[in-house]
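Student: Could we go through this complex together, chain by chain? I would like to begin with how its parts are counted.

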Amino acid sequence: MTATVAPPDAAEVDLAGSRKERRKRERLEERDGVIPVQLYGLKRGTVSVMTICCVLFAIFTLVPIAWIIINSTKTQANIFGTFGFWFARPFEFFHNFRMLFEDVDDDGTYINWFGNTALYAVLGGVGATALAAFAGYGFARFQFRGSKVFFYIVIGALLVPIGAITLPLYLVYAKAHLINSIWGMILPSLVSPVGVYLMRTYIGLSVPRELIDAARIDGAGETRIFFKIALPLMVPGLMTVLLLSVVGVWNNYFLPLIIFSNNNLFPLTVGMGLWSQHATTSGDQNLYPLIVMGGLVTIAPLIILFLILQRYWRGGMLLGSIAN
Amino acid sequence: MAAITLSELTKVYATGVKALDSLDLEVADGEFVVLVGPSGCGKTTALRMVAGLELITSGTVSFGDRVVNGVSPRHRDVAMVFQNYALYPHLSVYQNIGFALENKKVAKAERDRRIRDAASILGLTKLLGREPQQLSGGQRQRVAMGRAIVREPSVFLMDEPLSNLDAKLRVQMRSEVLRIHESVGAATMYVTHDQTEAMTMGDRVAVLQGGLLQQYDTPRSLYDHPANVFVATFIGSPAMNLYEAGLEAAGTLVLGSQRLELPAPAAARVAAFQGRKVLVGIRPEDLTVSASGSALVADVRFVEVLGSEQHVYFSIDATPAGAAAGAVVADESAEAGILLGSAPNGAARLDPRVAVQPGGRITFALDPARLYFFDPDTGQAITG
């Protein structure tokens, strides 16, 4: 290997540049690549009407969140006595926040439930994402006996509502000693038919067979191909599944309600439900401000998670890999 | 011993489609063999079977004297360049080239040396830190080549590696691929549908059609001695003109209303077909406008001036050989003729300085010794 061939560099465009510049160029190219709305042939005003409809719907969706933020600053009396969509004195936000972390009713503490929820969500969400990645890759890129049947079973599982299987689930759990066990919460959270379905579809589109073939020719084993070649290309899909799974476990109310009777194991959903119940029955516990504040603190991590993960949702993962 | 031997290699897909039918092929050590044919002829299937990416229905693939039918691609020690490059998009050029060595657990220093060697052969040294998306098409193509040559393989497979490049770069890369082949010295199988690539690059060329090997020979032999009508019309541009002709006693060829006297050797070759029909082939460059030699009168339909030469499309009153005989007929001249309403049925490659007017009449001179003859029933060449 001694001959040196002069590269035809002169004729080629220099495509280097910092990552930031590249991103900017990609954004501009994307904008240039889209047909401008003026050329859609729509009736005059259609775009404005549609935009107004979208804004109205957005407001409708955001109203409860605005309410919860405003009312987290109020005392119990003000929550019921003042206009719901504006602030009222005294400003009790920090007091409410501090009270949230105290055991107000001998039911258990918010911080404890928060920790439980985080534990279930992280273990369940990460586990579900990992299993969805393996299963989705298997369904998308391997042919094996019964692969279609198994996949239809997964699709079928999408259609079964959790309510329909509560009783059998409870009976199985009782036999398996999973009542009042964190595994009772985590194990079912690991299975995510939606995740498997999404990953199979995503891998089908974003991990080309040629790339896997190339890696096989390059002498890589299947495990190495999965972790070194396929997994990095699956990241945007994985982040979607991770977010859906974490949110799913975070918001799960029904499953913990039937399997936990020990307050210390409750996640936020059930704990807050318990507070809400007590607030209605005992009245003067000053619990409402805590329920409102608890609701706000409960959704905050999900918003933060969404903001962290959204940077992974970008296209163009395959740029430069496969020529058309 | 041949480096690669394909013996009665057959592929039938689950749908029942027979992609490859009993292919026998030998590739010697260091030889550059091109598999060429129209799309769907089975050439890529054959290559993928050699690579181990496709199950073999029957027959064998051997490297040296080792049958590798059941060996997985990762254990075959073949290097392959894919049609669409298949670069790992998240790895740098350096990592892309080094991936195979990493899999083989080659020591780091050795790996580095080989990556840099390959990069310098391909002129990629300055681009080692870049990712594929920061490269141009030609650079990506060279990375794909680098990924293959760094392994110093004994078998080198290329699946239409130049088809995604523009025309100018393709010509440039043709010679580059050959130079790399010479420096690597591995037995190479190269798939293409482009007859120019096949003719210019291959030590030997295998022409495939419908999963069957039509002819396996040097480019020169394919052109001068095509085994059948398919090879005759597939190789060469413009394609060979092919007509049905009658053969009268004493070696007179009847081409429509015109007659050509065959010289004795040619007449002897087709003696067995006397009184019957034969297919006669004329290469476009064998038609000239000089005054000597036998004459063929034709009506000029249209002319393509290419600068260094001109292609004159004409019609004569002879019947062109149809697809039934295996000829490649769907070429641009026929299509253009349909548009004009009067299909030309022949082409001549002439000196650009000869004045030719579309719509006019032209008298071609032709050396009857340079005619090709084929059996109209089998499509096979008549060699006498």
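Tutor: Helices here are DSSP runs of H or I with at least four residues, strands are runs of E with at least two, and both are numbered from the N terminus. On that basis chain B has 10 helices and 20 strands. Please keep in mind that this is a predicted model.

Student: How many helices and strands are there in chain A?

Tutor: Chain A has 15 helices and zero strands.

Student: What ipTM and pTM does the predictor give the complex?

Tutor: The ipTM is 0.84 and the pTM is 0.82.

Student: And what is the mean pLDDT of chain B?

Tutor: The mean for chain B is 88, and 93% of its residues reach 70 or more. Over residues 332-341 of chain B, however, the pLDDT is below 50. That stretch has 14 contacts in the model beyond near neighbours in sequence. Where pLDDT is low, the predicted coordinates should not be read in detail.

Student: Which strands of chain B form the open sheet with four strands?

Tutor: The order is 2-1-4-5, and the pairing is antiparallel. Strand 2 and strand 5 (66-67) of chain B are at the edges with a single partner strand each, so one side of each has no neighbour in the sheet.

Student: How many bridges join strand 1 to strand 2 in chain B?

Tutor: Six bridges join strand 1 (residues 4-12) to strand 2 (residues 18-27) of chain B, and the two run antiparallel. Within this pair, B:Ile4 stands opposite B:Val27 of strand 2. The hairpin has five residues between the strands, and B:Gly16 takes a positive phi near 95 degrees there.

Student: What about strand 1 and strand 4 of chain B: how many bridges do they pair over?

Tutor: Strand 1 pairs with strand 4 (residues 58-63) of chain B over five bridges, in the antiparallel sense. B:Leu6 has B:Val61 in strand 4 as its bridge partner. Helix 1 (residues 43-51) of chain B packs on the sheet and touches strand 1, strand 2 and strand 4. The direction of helix 1 makes about 115 degrees with that of strand 1 of chain B.

Student: Changing topic to chain A: at what angle do helix 5 and helix 12 pack?

Tutor: Helix 5 (residues 110-141) and helix 12 (residues 235-250) of chain A pack at about 145 degrees, and their axes are 8 Å apart. The crossing of these two helices of chain A is right-handed.

Student: Which residues meet there, in helix 5 and helix 12 of chain A?

Tutor: From helix 5 of chain A they include A:Tyr120, A:Gly124, A:Gly125 and A:Ala128, and from helix 12 of chain A they include A:Leu238, A:Leu242, A:Ser245 and A:Trp250. The residues of this contact divide into 11 nonpolar, five polar and no charged.

Student: One more residue, please. Is A:Gln310 buried or exposed?

Tutor: A:Gln310 has 11 other C-beta atoms within 10 Å, and the limit for an exposed residue is 12 or fewer, so A:Gln310 counts as exposed. A:Gln310 is found in the segment after helix 15 (288-309) of chain A. A:Gln310 and A:Met239 are 71 residues apart in sequence, but their C-alpha atoms are 8.2 Å apart in space.

Student: What share of each chain is buried?

Tutor: Buried residues make up 28% of the 324 residues in chain A. In chain B, 45% of the 384 residues count as buried.

How values were computed: Residues are numbered from 1 along each chain as its sequence is written. Chains are lettered from A and ligands numbered from 1 in the order in which they are written. This is a predicted model: local features need pLDDT of at least 70, side-chain atom pairs count only at pLDDT 80 or more; totals for chains, interfaces and linings use all residues. Axes are lines fitted to C-alpha atoms, for helices over the stretch in contact, and angles run from 0 to 180 degrees between N-to-C directions. A crossing is left-handed if the near helix is turned anticlockwise from the far one by less than a right angle, and right-handed if clockwise. Two residues are in contact if their C-beta atoms, placed from the backbone, lie within 7 Å. Ala, Val, Leu, Ile, Met, Phe, Trp, Tyr, Cys and Pro count as nonpolar, Asp, Glu, Lys and Arg as charged, and the others, Gly among them, as polar. Two strands pair if DSSP finds at least two bridges between them. A residue is buried if 20 or more other C-beta atoms lie within 10 Å of its own, exposed if 12 or fewer, and partly exposed in between; C-beta atoms are placed from the backbone. pLDDT is the predictor's confidence in each residue, from 0 to 100.
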